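Look at the sequence and the model first, then read on.

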Amino acid sequence: MEKEFKGKIWKFGDDIDTDTIIPGKRGTIPTIEEMKKYAFELLKPEFGSTVQPGDILVAGSNFGCGSSREQAATVLSGNGVRCIIAKSFARIFFRNAFNSGIILITCDGIQDACEGGDIVTVRVGESVSVNGKTFPIGQIPENLLAIVEHGGLIEDTKMRMAQGLSHDWNPELDDAARRKNGYTLVEKILKKNAGVDHVVPGDIVITHPDMFMIHDIYTPYLKDTLEKMGAKKIDDPDKVTIIFDHCMPTAVAHNDYVHYDAGIDIAEKFGIEKLHIGEGICHTIMHEKRYAKPGEIATATDSHTTTYGGAGCFCSGIGTAEMAAALITGELWFKVPDAIKIVLNGHLQNGLMSKDVILKILGDIKADGGQYKSLEFTGPAAHEMSMNERFTVANMALEAGAKCGLFEADEKTAEYYEMPLSEIDWIRIDNDAKYEKVLVYNLDELEPQLSCPQGVDNVHPISEIIGTKMDEVYIGSCTNGSIEDMKAAADILRGKHVPEDLRVVVVPATNYVFEESIRLGYIEDFIKAGCVISHPCCGLCCGMPYGLMYDDERILLTANRNFIGRQGTKKTLSYLSSPKVAAATALTGYVTDPRTLG
Amino acid sequence: MSERMIERLLGAAAGDTAIISPDHVLVTNGSSHAVRGYVSKAAAPEKVLVMYDHNIPSGSPEDAKIFGEILRFAKQYGFTFKQAKGIGLKYLADEIVKPGQIVITGTRHAGIFGASGAVGFGISSTELSRVIENDRYELIVPKTIGVKVTGTLPENTGMIDAALSFLAAHPDLKCKAVEFIGGDLSDHDKQVLCSMACETGAVTAFWTEEGETETVLDLAEVVPMLRMPCSDILHQTRAPFAPASYVEGRTIQAGQIGGVNGGAIEDLRIAADMIEGKKLKLRFRLTVCPATSTDYILAAREGILTKFIEYGAQISAAGDHSIVKQGAGAMGHGELLFTTGMFTFAGCMGCDDATVATASVETIIRASYGEI
């Protein structure tokens, strides 16, 4: 591999998210060749037609935040982008880019010394130079450079397969070793699975995840990658779940049926029996079916995989190529992250939900405040939260860039999983564990929070947004589509009616939630109130056609992202809130504080 | 010669000009929303209902734009605006329109009102705009063809098969009214026959207890039928018909039960009974679209929705999903869909090269568990 090379610069700012790199609505185009022309179409529409092989991107902080979609990296490698220099990178994008053969370089300084069109010289592991100025850069880990040198993860995996795969893995730590004090939650879970006695942040551990989950957005690419790798079998089909939730019901005509067929093809070829077609959103199914368990490791081709951290499960999203490699080898490396302890004191007050807590935290620490870190929640209010409330918080930890968001295991965890607490009570925060920082919140003082256009971390208390006119309200998603969320909304809407000029869409997260909502009368409440119900799926949260919006329209969602263009056009204005705020707003058509309802 | 339904309701003999002041005018986001480009006044705004009822929730930003446009249109002229009620035609037929009333809409399925002693006309957007402006509709009263309904349907057939059989035998009913006479029909059966009767060009349709008969529809002779694809929406009334056996051997990727003729609670009950003890075939996608919010609630209360969910069906929002360029149930390249919807033109349910055929609830459900 060349250690020194030059390229023309395309310059970008901070927080370039995956939707900006490749919009969600393009994410189901079946081939990268066809998709790559849409790279940066909302921000730099000329990019796809004019970028040249060897070009280099220079950006600010948190480049690649947002979704786990590997296409954000592969459309760039497909367009010939060789290297990206940024102040910092989002975690999943970082892995995906190297797996696609792109070199990522962290550098703070070059951004002020260059403009788009300038030529930059890169000396890998040494420096970058532009316009007569040189900036030192750090070393890149050998394992990542090796992947780039081999031409990406596909070729790298083929080489490993040719050499013969080994199951000579460390045994998991026994119960006594798991209980050794002095570790953060993430350290405890990673060292248990990796079978190592001691870890510190920065260590690379080789894990053997207990569950792999694939959802339908990536099935064509996964099928293709497995074929390119030459996979005849995978390590353990019983550890694999395929869930059809983004593209099912099939809604984008040219694309979705391909994802449907590919998912079934993969299941049939590799003997995967945990197949859930159109039964709801993957992350909710993963804990509903108890596939992701306390103290275990789960991974999936989606960024909101952090959800199961609500049950003390280490879970983090990965890209498609990495999933393919991990399915074949049964292995996945992780860098042990630093951790932030978040202590939740006090009690959630009437009209407040756990969504308000995580939105408040996101507003405080911002979209990159948890970059590469484990957010670990404790304190009396954390333990007061129901399991569904915890899943909501863990789900959105990702929006701070976190690798995972973990809760301690307690009686509620044990009851939810119908397992003895004594099996999982080692998943607790040790007083002598080393945390990078500790944040303390008093929930007694919290007021409802809204994430405002256009960024999840643009959070404001409801008092600052009250009265804002909405055109649509959407209640659903893996963040807030649980039966408790349905109840919270139904209790507010029951016996009342939404304004005729407001569209209100309700999407239960899973078939279980849907059936329970029917049984308990919530669905009837919603319909009588003037809402429409869509079948459980990811829906509008990921920009699928279940209530798409027009220019300058405003929508309030209980979902987890409000990136530009996600819920409609690039001029659509998206707000995020709890289900109680959403339901209260649905009653009036204006942002309404649920605490003010009679 | 006895007086026909249309003559009685319009107060004029066949061949004469009738001048009508309708009781209800329905505008939806299906296609008649184009009227907003032509209307500059409204003579009787209290009669006009504007409904957002197609492809709910919005499948594209353009759909949302149309919502805003028809909402502003309704507010500007003082029309009633409704959404989230399901299909406008069915909502009106079941909950609003009374026998003897006259309804003007922008769809030929307006024949549905003739099932219960009212009359409906589907007209163009330009003509509909004149009706809204003047509260007046003129037409030459059409001649009527009387159709005696006899017999009972064989197993595995439904009223859509009967309607398709009738239409196949009468491929050109332009400038005619159709009267279905007698037969052992439920109220919903009558709605299905009347709403489908104009699919080959008839002006409107009715069901009546007694009347003069020109032809016979013998239900006992009905076989599972299909309305086959056509090139574009302008040729929809000329789309061919074929027995369901025509597609034997071809893989069916999806089925959709919904609309006025397949999404009523009566249809959903039939489908729910049929799936009892059956398993949804892998690689078959079944979508169920209750016609109205009332149908949805009844299906929820009766355990029908739960049964569909456990069968593996996808439940769409109440509304009209017969034309879905983008949204739940859209079809991919080269796929085959059986639907109770009345549109089969290329591209109506997604990709232009997807094949869409109208079929009965019975045929679609049998296909869903692999019996077809």
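Between chain B and chain A the count is 5 salt bridges. This is a predicted model, and the values below are computed from it. One bridge across the two chains joins B:Arg283 to A:Glu268. Their closest N and O atoms are 3.0 Å apart.

**The interface**

How many residues does each chain bring to the contact? Chain B gives 46 residues, and chain A gives 46 residues. The size of an interface is often given as the accessible area lost when the parts come together. Here the area buried between chain B and chain A is about 3,800 Å². Carbon and sulfur atoms give 60% of that area.

**Salt bridges over all chains**

Over all chains, the structure holds 49 salt bridges. One of them pairs the side chains of A:Glu172 and A:Lys192, at 3.5 Å from N to O. What does this pair tie together? A:Glu172 lies in the loop between α7 (153–163) and α8 (175–178) of chain A, while A:Lys192 sits in helix α9 (residues 185–194) of chain A, so the bridge links parts that are 20 residues apart in sequence.

**Helix pairs**

| Helix pair | Angle between axes | Axis distance |
|---|---|---|
| α20 (483–493) and α23 (579–588), chain A | roughly 30 degrees | within 8 Å |
| α5 (91–99) and α6 (142–149), chain A | about 45 degrees | 8 Å |
| α8 (265–275) and α10 (304–311), chain B | about 45 degrees | 10 Å |

Start with α20(A) and α23(A). Their axes cross at roughly 30 degrees, which makes α20(A) roughly parallel to α23(A). The crossing is right-handed. On the α20(A) side, the contact uses A:Asp485, A:Ala488, A:Ala489, A:Ile492 and A:Leu493. These meet A:Pro579, A:Lys580, A:Ala583, A:Ala584, A:Ala586 and A:Leu587 in α23(A). By class, the contact of α20(A) with α23(A) has 9 nonpolar, no polar and 2 charged residues.

Next come α5(A) and α6(A). They pack at about 45 degrees, and are therefore oblique to each other. A:Phe94, A:Phe98 and A:Asn99 of α5(A) make the contact with A:Leu144, A:Ile147 and A:Val148 of α6(A). This contact divides into 5 nonpolar, 1 polar and no charged residues.

Helices α8(B) and α10(B) pack at an angle of about 45 degrees. That makes α8(B) oblique to α10(B). Is their crossing left-handed or right-handed? The crossing of α8(B) and α10(B) is left-handed. From α8(B), the contact takes B:Ile265, B:Leu268, B:Arg269, B:Ala271, B:Ala272, B:Asp273 and B:Ile275. From α10(B), it takes B:Ile304, B:Lys307, B:Phe308 and B:Tyr311. The classes are 8 nonpolar, no polar and 3 charged residues.

**Backbone details in chain A**

Which peptide bonds are cis? One runs from A:Met248 to A:Pro249, with omega near 0 degrees. A:Pro249 is found in the loop between β10 (240–244) and α11 (256–270) of chain A. Another cis bond runs from A:Pro453 to A:Gln454, with omega near -15 degrees. A:Gln454 lies in the loop between β19 (449–451) and β20 (459–461) of chain A.

A:Asp552 is not a glycine, yet has a positive phi of about 65 degrees. Its place is the loop between β23 (532–533) and β24 (554–557) of chain A.

Conventions. Residues numbered from 1 in each chain as written. Chains lettered and ligands numbered in written order. Predicted model: local features only at pLDDT ≥ 70, side-chain atom pairs only at ≥ 80, totals over all residues. Heavy atoms only, no water. Axes fitted to C-alpha atoms, helices over the stretch in contact; angles between N-to-C directions. Helix = DSSP H or I, 4+ residues; strand = E, 2+ residues; numbered from the N terminus. Parallel < 35°, antiparallel > 145°, perpendicular 65-115°, else oblique. Left-handed = near helix turned anticlockwise from the far one by under 90°. Contact = heavy atoms within 4.5 Å. Nonpolar A, V, L, I, M, F, W, Y, C, P; charged D, E, K, R; others polar. Buried area = accessible area lost by both parts, 1.4 Å probe. Salt bridge = Lys/Arg side-chain N within 4 Å of Asp/Glu carboxyl O.
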